[in-house]
Amino acid sequence: MPVKEIVFVGKILVDKGIITPGQLEEALLEQKACGGFICETIVKLGFASKEKVFEILAGCLGVPYVDLKDRLIDSLAIGKIPAKFASHYKIIPVEFKNQTITIAMANPLDVSIIDDIRLLSGFEITPALSEEAEIEEAIRKYYGVGADTLEKIIAQSSSEKIIGEEKIEDVSLAAQEASIVKFVNQILSEAVKDRATDIHIEPFCNELRVRFRIDGVLYSINIPEAVKCFHQAIVSRIKVMAHMNIAERRLPQDGRIKIKTKGEELDLRISSMPTTFGEAVHMRILGSKLFLDLKSLGLIDSDLKIIEEVIKKPHGIVFVTGPTGSGKSTTLYAALSQINSEDIKIMTIEDPVEYQLKGVNQIQISPKIGLSFATALRHILRHDPDVMMVGEVRDYETAEIAIRAALTGHLVFSTLHTNDAAGSITRLLDMGIEPFLVSSSIECLIAQRLVRVICPSCKTELNNQKRNAMIEQMNSREIIKKDMPLYEGKGCADCRFTGYKGRTAIYEILVMTDSIREMVLKRQSAQAIKQKAISCGMHTLRCDGLRKVWQGITTFSEVFRVTQKEGD
């Protein structure tokens, strides 16, 4: 943006009393150093709100202000300007009427962009003012992730010529490969930006679907239809990054990718699977940011005290149970981090090693060469560990070695896949472990789930009518608390209009008492053990979840989605 225009815009805001001359000088220095539109710099520095700055500026410039966050754009307008032009000029068409396209742009004073779009489109152009970040988000939303890249690939592909039976390849092939690299990078960047934990690339008959798992729920990502033609190229690029065999398409493969984005290192676990219409790819994103503090996990004070006491014991076994993706590894890492010190030796056996813990010996199992959980566990006992963590107890052999290690003076942490804490006991008995071993070795059983947190940006209190209707619908009159408000997220751009942003854990902690040990020896049912634990003060997953509902952290529907009805 020319200096004269920058000063002109700044002078308008000073004259209107939005900012002071001193603030304008500071903003001009920042804008000169970092670039961008002067209005966005003023908003970033906190001198004025975005709405006030842009609305007043739009009025002074004689152009409309378009808030793209809540605006639905007609596909007819989108179709008038190709994605590559929208991405290059950072504009978005918002309306097409009477042979005129209204385009939202961050700098409506830039007549060169307006002239270029008029020439390229063949229509009259009317500029409107919008925030640059909102324009970029709208381009991804309406054109699809990587749409500009795919348009370039298709344009390059069209330069290939067919003469008789012979196909003459253009030298643009190398450029195509580079564009596929860019497209894959765009998918990864978008996933990280959206806080996704998983990326699913799934081929079907007439489409290639890309989905992100955000806060435990899958969302389809808008991508151009033409991406189906480049499915195998995309898969090959991912395989190359993960050091997988690109020639093998008939068998499942696993790999890993390390990437860096915005200063954060990410570890991606890659899995390819042959399907009817080609190879499907799943990517698990493991970030470097991990809650290594038990106090950050969402535990109430009484539960936190129980866990802190249990993990200080010199021996015994602690099981964390729950389905895949319920945060078990995070809880185990937090517990190990809490007790990690120079005077104890900690060793872990994992599949895979998800996060690196300083000062902890971590072992990655490899069944292909015979390094299983049981084999590794048998050998690390010879390395004089004080504390051991076994990623998962999957079979009788692993369970028996882990339990016997706990009985011989080691503190052992591990996981199981069961619905609740008491169910872990019957699972071990069903594996063939003797009741006296289970009874004497286990110190604590922790069941957990993850629930979505109400988005703070659109969090609103329910009125009495809606509050009572929700309680009636959930059939939860027994937990009604008078004068305690309920909340929900109305949905906004920050939370992708879901009403939720982020997750927290709910817990069920069963501490082995003498009475419960007696019940285990007698092989009593999991339900009987659970009822006994409740009578001794244990609260269930659902109770912990409902407590967080009344605290305004989550909602009834979210708790009921991930927990069983009491007595089931």
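In this predicted model, the side chains of Lys 193 and Glu 137 meet in a salt bridge, with 2.8 Å from N to O. The pair joins distant parts of the chain, since Lys 193 belongs to helix H10 (residues 173-193) and Glu 137 to helix H8 (residues 132-143), 56 residues apart. Lys 193 is partly exposed, with a relative accessible area of 38%. Glu 137 is also partly exposed, and its relative accessible area is 32%. As a general principle, side chains of opposite charge can pair when their charged atoms come close.

**Further salt bridges**

A search of the whole structure finds 27 salt bridges. Three of them are set out in the table.

| Pair | Distance, N to O | Separation in the chain |
|---|---|---|
| Lys 193 and Glu 137 | 2.8 Å | 56 residues |
| Asp 194 and Arg 496 | 3.1 Å | 302 residues |
| Glu 397 and Arg 378 | 2.3 Å | 19 residues |

Asp 194 lies in the loop between H10 and strand E6 (198-203), while Arg 496 lies in the loop between strand E19 (487-489) and strand E20. Asp 194 has a relative accessibility of 10% and therefore counts as buried. Arg 496, at 33% relative accessibility, counts as partly exposed.

The salt bridge between Glu 397 and Arg 378 connects two helices: Glu 397 is in helix H15 (residues 396-407), and Arg 378 is in helix H14. Glu 397 is partly exposed, with a relative accessible area of 37%. Arg 378 counts as partly exposed as well, at 32% relative accessibility.

Some of these residues also take part in a wider arrangement. A network of salt bridges links Glu 137, Arg 140, Glu 190, Lys 193, Asp 194 and Arg 496.

**The seven-stranded sheet**

An open sheet is formed by seven strands, in the order E14-E13-E15-E16-E12-E17-E20, and its pairing is mixed. Strand E14 (361-364) and strand E20 (500-511) are the edge strands, each of which pairs on one side only. From one strand to the next, the twist averages 20 degrees.

Strand E17 (residues 442-454) and E20 pair in the antiparallel sense over 10 bridges. Within this pairing, Arg 449 has Ile 506 of E20 as its bridge partner.

Around E14, a helix accompanies the sheet. Helix H14 (residues 373-380) lies across strand E13 (346-350), E14 and strand E15 (387-390), and H14 runs at about 165 degrees to E13. H14 is also the helix that holds Arg 378, the partner of Glu 397 described above.

**A buried glutamate**

Which residues does Glu 558 touch, not counting residues up to four places away in sequence? Glu 558 touches Val 451, Arg 452 and Tyr 500. Glu 558 itself lies in helix H22 (residues 556-562). With a relative accessible area of 1%, Glu 558 is buried.

**Packing of helices H19 and H20**

Two packed helices are described by the angle between their axes and the distance between the axes. Helix H19 (residues 514-521) and helix H20 (residues 526-535) pack at an angle of about 175 degrees, and their axes are 10 Å apart. Angles over 145 degrees count as roughly antiparallel, and H19 and H20 are therefore roughly antiparallel to each other. On the H19 side, the contact is made by Ser 515, Ile 516, Met 519 and Val 520; on the H20 side, by Ala 528, Ile 529, Lys 532 and Ala 533. These contact residues divide into six nonpolar, one polar and one charged.

**Two residues with positive phi**

Most residues other than glycine have a negative phi. Gln 99 is not a glycine, yet its phi is positive, at about 60 degrees. Gln 99 is found in the loop between strand E1 (91-97) and strand E2 (100-105).

His 243 is a residue other than glycine with a positive phi, near 60 degrees. Its place is the loop between helix H11 (231-241) and strand E9 (253-261). Is His 243 buried or exposed? His 243 is exposed, with a relative accessible area of 73%.

Notes. Residues are numbered from 1 along each chain as its sequence is written. This is a predicted model: local features need pLDDT of at least 70, side-chain atom pairs count only at pLDDT 80 or more; totals for chains, interfaces and linings use all residues. Side-chain values use heavy atoms; hydrogens and water are left out. Axes are lines fitted to C-alpha atoms, for helices over the stretch in contact, and angles run from 0 to 180 degrees between N-to-C directions. Helices (H or I, at least four residues) and strands (E, at least two) are DSSP runs, numbered from the N terminus. Angles under 35 degrees count as roughly parallel, over 145 as roughly antiparallel, 65 to 115 as roughly perpendicular and the rest as oblique. Contact means heavy atoms within 4.5 Å. Ala, Val, Leu, Ile, Met, Phe, Trp, Tyr, Cys and Pro count as nonpolar, Asp, Glu, Lys and Arg as charged, and the others, Gly among them, as polar. Two strands pair if DSSP finds at least two bridges between them. A salt bridge is a side-chain nitrogen of Lys or Arg within 4 Å of a carboxyl oxygen of Asp or Glu. Buried means under 20% relative accessible area, exposed over 50%, partly exposed in between (1.4 Å probe, protein chains only).
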